[in-house]
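Visitor: I would like to go through this entry with someone who can say what each label rests on. Could you take me through the terms one at a time?

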Amino acid sequence: MTYIGHSGGGPAMLFPATRAGSEKYLQVHFIRSGGDMTSERITKIKASKYFGIILLVALTLLFWGIFKILSPNNFGTPKLLIGYFQTSIQYAVGGCGLYFIVVMGLFDFSVGANIVLSSLVGVLLSRQFGYWGLVVGCLTCGTLIGVFNGFLYSKLRIPSMIVTVGLMLILESIANYVVTLDTSGFPGKLTSNDILAFSHAPWNYIVSGTAFFLAFFLLRFTRIGTYCKAIGSNEFVAKNMGINVEKYKFLGFVILHFFVGIMALLTVSYGRGMLAVTGMSSMDRNFKPLMGTFFGVAFSKYGYPVTAIVIGEFIITLIFNGLVALNVPTTINDFVTGAVLLIIVTLTNRGRKGSVVK
Amino acid sequence: MGEILLRSENLNKHFGITHAVKDVSLEFAKGEIHGLIGENGSGKSTFCSMLCGIYPISSGRFILEGKELKVRTQVEGNHCGISIIVQEMGTLPGLTVAENIFLGEEERFMHGLIKNTRAMNKEAQALLNEYGFGHINASSMIEHYSFEDRKLVEIVKATYFNPKIVVVDETTTALSQSGREELFTVMNRIKNDGNTVIFISHDLGEVLENTDRVSVLRDGELVGTVKSNAVSADDLKRMMVGRELNSRYYRTDYDKTISDEVVLSVEGVTVPGQIENISFQLHRGEILGIGGLSECGMHEVGKAVFGASFDRRGSVTLKGGHAVKSISQAIRHGVAYASKDRDNESVVVADSIRDNICLPSLNGLSDRGILNNQKLGRFAQTNADLMSIKMTDIGQYVADLSGGNKQKVVLARWLGKDSGILVLDSPTRGIDVKVKADIYALMSDLKKQGKSIIMISEELQELLGMSDRILIMKDGKINGEFMRDPKLGEKDLIATMV
Amino acid sequence: MEAMKTKTVSEIHDEVPAVKPKMNSTWLRNLTPFFGFIAIVAVFSILTGGKIIRPENLSLMLSQVYVLMISSTGVFMVMTVGGLDFSQGSILGLASIVFCWVSHYNIILGVIAATLAGAAMGAFNGLFHVKFKIASFIVTICTMYFFRGLCKYITTNGPVPASMEVVALNQTWFKVLLTAIVLVVCFFVFHCTRVGYDLRAIGAGETAARFSGCRPDLTKFLVYTMSGALTGFASFINVIQVGSITGTAGTQLETKILIALVLGGMPISGGARARFSNIIIGTLTYCVLEKSLPMVFPVSATQQLVKGIIFLIVVALTIDHKSLRVIK
């Protein structure tokens, strides 16, 4: 079968290391393995299953170690570490949501716009309904956006990358309207301390912990996880196995944006409010969660993506704060983000000879 | 062996103009292992794919236990009790072993929306242990396991629900000796349970040893069904061949002289896992045929000669001492290649006829780097006309052409490049009779012009009809060499192939 | 007898071309972006009472065109080969800074330096994409951050100014001339050298192109370098328009380029259907939209809403479903 166009199977499009495709050329005709190879095989496999988590922990310790040595006083103390963790979990939540989409080979540029819009809806509703308004506003708005995106994607039959650019423009604009509906005098801001429970412990942990558990649960204990991965691996085979590909792609968008709604709840609480933007500035918010997703996909073959996402975001936050502790101007942040990501992707990637990478 | 379990009635399958399965009426009994053999292209895989719901039936029907069988997907097939272990990779990476085994059948483990993963893993592990594959861990990701272990998982996936019919499609080629034995144990268990196995294989000895009856297909038609303990491998070979040499297409001359001038020299070429220590020489004006079973490595030889193999060891040298180490070197020194995988390797399907014809010759057509589009158009038109390509114009996309015309585009580009050595892999596969004749005529013309051809083919008739010399490969090595001779027949070739 | 039967079937088959020509629909699809452009100009002319087509507004309409068109040419080539480039904005920013620095010594040297800087950044992208086989999408997102970070860091203590003489060059005729030269040269390279053929073939079918003598790895590396160089050159125009560079120079350029090219009918996965006209029509359409919308809808949020809706409509109409067997 010839795939023409931006296709090629799931995360394989983004990550050739996880590409399936036809492995026929890997068939070894002449090497015949005997029965005693099996014990060797077992040890190898056991090693590789835990290898992933060992690597993640090692990376964390490595970066912590580097910055701790360079700046022993302003960095990495237990109290600060907790702070880093609290910052990283908001992105990790978004990263978990993105995982469902990315694993199927899709992408969504409107994640940032969703964060903005859902936050503002939450703030608006919180004026009247307090915490209920905030939570319900963020989550419902997020989910509705997911339904909207998923619907447009399946009806217009445009590649996800393109259609979500258009959606991003539209959602950003809607966010600006929503702000005008906020007549409180501090549009978009959470001024009273009574509404800021989610910006600190224990509520931020409770919310994000629930989100992580939910993602883990969906991936491990429902068909959604299996089917999304199957679709990403080989859409034709998945369809032939009786999987309703359309339905699960739609669900993927809904799940993604539901998680983004949760992330919005955390973000707006941490930031004590939200600004509506235009000019595609919301795109900047897309990439922090995406980095966690990269970790998740790169380590997915070990079987615990959610853990990889959480630890990955933590590592990135660790690095940022390390640089701040070294008095490196914050403007260098992006530089480091890009460099670290690139290094990690390069190291975990294993392109096959002759494979086509777009 | 008991009553009839499955019957096919006048089954037909068309792929465009190719009539892959012709009016096949076949019976399978309960509690039997039934072998299905035939050359490449005989229709055996297509037949089974229709049974399992992978391909739709063109005409005719299957009757299972007295009722007509209608399946549209593999999962539906499974629900009717039919399953298949395919030749290529049948498991999906990114999922665990257990998930692969139960893909599409998770209903059993669902409580509402929740999938009981632990129960699923437990049951999968129990199954694996029962089959004797306990070294495979049900909760691990499937990518951790070797191709052979993944095949073992596929065996479990295809047989755990006690299907009535299991098709084993050339699975043994991918397995080691111990793997094969495990497969045969499973097959015998299925038989003893009163179910049926359809066993497709090229290894005639293996087929005779492990089956009750064998059916032979040839060119899409059923030749006959025999009892395995009543025939020999030679008998089977005889049934597999036996066509008249159709001289209308092929060369009619039997001139045995081959020039002494060596234009291509292949020495010690090895591609790990595919071919081993291949050495031969190609002479001017010679048509060298290379044949064998589909997995013997002959296709890789073509790629190696063209400089397209990865990890190739050994040397490929042209007359004048030029070594061929990459595709661009090969093309520059006049080597051409038409791949078996036409759509992916021979032509850029999503591009115009004109672009495809001009592409290898662009350097020659350019005037210090500058291309004149009209000149290119004329070039493409000339060569397209030479090959009499049926098209609307040279701007037409190759994707819209028939298989035969696509192949003509491939040949037109190399004619335009005036390549001296052409490596043609399965040049007439899937092409209708008239275009086949055109291609053979072209090959004869080229030979007369002093060009040299390596023709890799799975069709024995073609090899016998067109080649000056034939090399037969088996298991990655050259196993036989034959000179052109009117008395040479398929039997002789098959003897060194299997 | 069997042979006769098949002969008859094939004879009939060969007399008729395999598939009825789809000439009309392809031809129409090629012109759709052009019609789209005309339609947008027409609609907005009416809505603004003819303001946008008045000559005095023309240079305002086109002020964004130059940088966009030059950079889009580079990205066009990258996309033809099937890749994506999200780092364009950051390349523009960093190359602009390089120009500013060198412009104090010599403006022409500055242009050369900026182009080389852009080329180096493009080569960086190309290297990681080709050598390490990482998808272009990922590489360029990483380098977007990487270069943007450098840009912000350099401007930590304030914007980087260019030399004073530079502002004098901000003449419409000069900018039009430069853009035209770039377009003509690139058009020539794309249409009259084997580069264009290679790009389209590799984008349409990389494996088959490789078997036809193309060298995808080398070509892809070069095309990313070229794209960087072009944007580096565009930074010259960028600086003469703004005079000094801040940390956010060029942000979102990559998205604007993407929208522009898509509006121009560029197929997302590139390949043989990519046409040079995609660049020109697309950028013009984008700029007209960009400048007309504020005149019709004073609220910037509404402008963006309309832009998004028009974008989705145009894409839905021009997308070539036949060449996308699997939609991702």
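**Labels and their grounds**

Guide: Chain C has 15 helices and two strands, where helices (H or I, at least four residues) and strands (E, at least two) are DSSP runs, numbered from the N terminus. This is a predicted model, in which local features need pLDDT of at least 70 and side-chain atom pairs count only at pLDDT 80 or more, while totals for chains, interfaces and linings use all residues. Residues are numbered from 1 along each chain as its sequence is written, and chains are lettered from A and ligands numbered from 1 in the order in which they are written.

Visitor: What makes C:Thr73 count as buried?

Guide: A residue is buried if 20 or more other C-beta atoms lie within 10 Å of its own, exposed if 12 or fewer, and partly exposed in between, with C-beta atoms placed from the backbone. C:Thr73, found in helix 4 (residues 65-80) of chain C, has 29 C-beta neighbours inside 10 Å and therefore counts as buried.

Visitor: Which residues is C:Thr73 in contact with, leaving aside its neighbours within four places in sequence?

Guide: Two residues are in contact if their C-beta atoms, placed from the backbone, lie within 7 Å. On that test C:Thr73 is in contact with C:Val182, C:Leu183, C:Cys186, C:Leu230 and C:Ile279, once neighbours within four places in sequence are set aside. C:Thr73 and C:Thr283 are 210 residues apart in sequence, and their C-alpha atoms are 9.9 Å apart in space.

Visitor: Why is C:Lys133 called partly exposed, and where does C:Lys133 lie?

Guide: C:Lys133 has 19 other C-beta atoms within 10 Å, so it is partly exposed. C:Lys133 lies in the loop between helix 6 (107-131) and helix 7 (136-154) of chain C, and its phi is positive, about 55°, although it is not a glycine.

Visitor: Why does B:Asn162 count as exposed?

Guide: B:Asn162 has 12 C-beta neighbours inside 10 Å, and therefore counts as exposed. B:Asn162, too, has a positive phi, of about 50°, without being a glycine, and lies in the loop between helix 5 and strand 9 of chain B.

Visitor: How do you know that the buried residues of helix 6 of chain B line one face?

Guide: In that helix, B:Gly179, B:Leu183, B:Val186, B:Met187, B:Ile190 and B:Lys191 are buried. Seen down the axis of helix 6 of chain B, these buried residues fall within an arc of 140°, so they line one face of the helix; the arc is that of the directions from the helix axis to the C-beta atoms. An α-helix has 3.6 residues a turn, so residues three or four places apart point the same way. The face turned away from the buried side of helix 6 of chain B carries the exposed residues B:Gln177, B:Glu181, B:Thr185 and B:Asn192.

Visitor: What do the buried residues of helix 6 of chain B pack against?

Guide: They pack against several elements of chain B, among them strand 3 (33-37), helix 4 (117-131) and helix 7 (204-210). Helix 6 of chain B is followed by B:Gly194, whose phi is positive, near 90°.

Visitor: How does the reach of helix 6 of chain B compare with the expected span?

Guide: The expected span of a helix is 1.5 Å times one less than its number of residues. Helix 6 (residues 177-192) of chain B, with 16 residues, reaches 23 Å from its first C-alpha to its last, close to the 22 Å expected. Helix 14 (residues 277-296) of chain C has 20 residues and reaches 28 Å, close to the 28 Å expected.

Visitor: What makes helix 14 of chain C mostly covered?

Guide: Of its 20 residues, 14 are buried. Across chain C, buried residues make up 58% of the 328 residues.

Visitor: Which residues touch the most other members of the largest nonpolar core?

Guide: A nonpolar core is a set of buried Ala, Val, Leu, Ile, Met, Phe, Trp, Tyr and Cys residues joined through C-beta atoms within 7 Å. The largest has 359 residues, of which A:Leu117 and C:Phe99 touch the most other members. Helix 4 (residues 111-156) of chain A gives the most to this core, with 16 residues.
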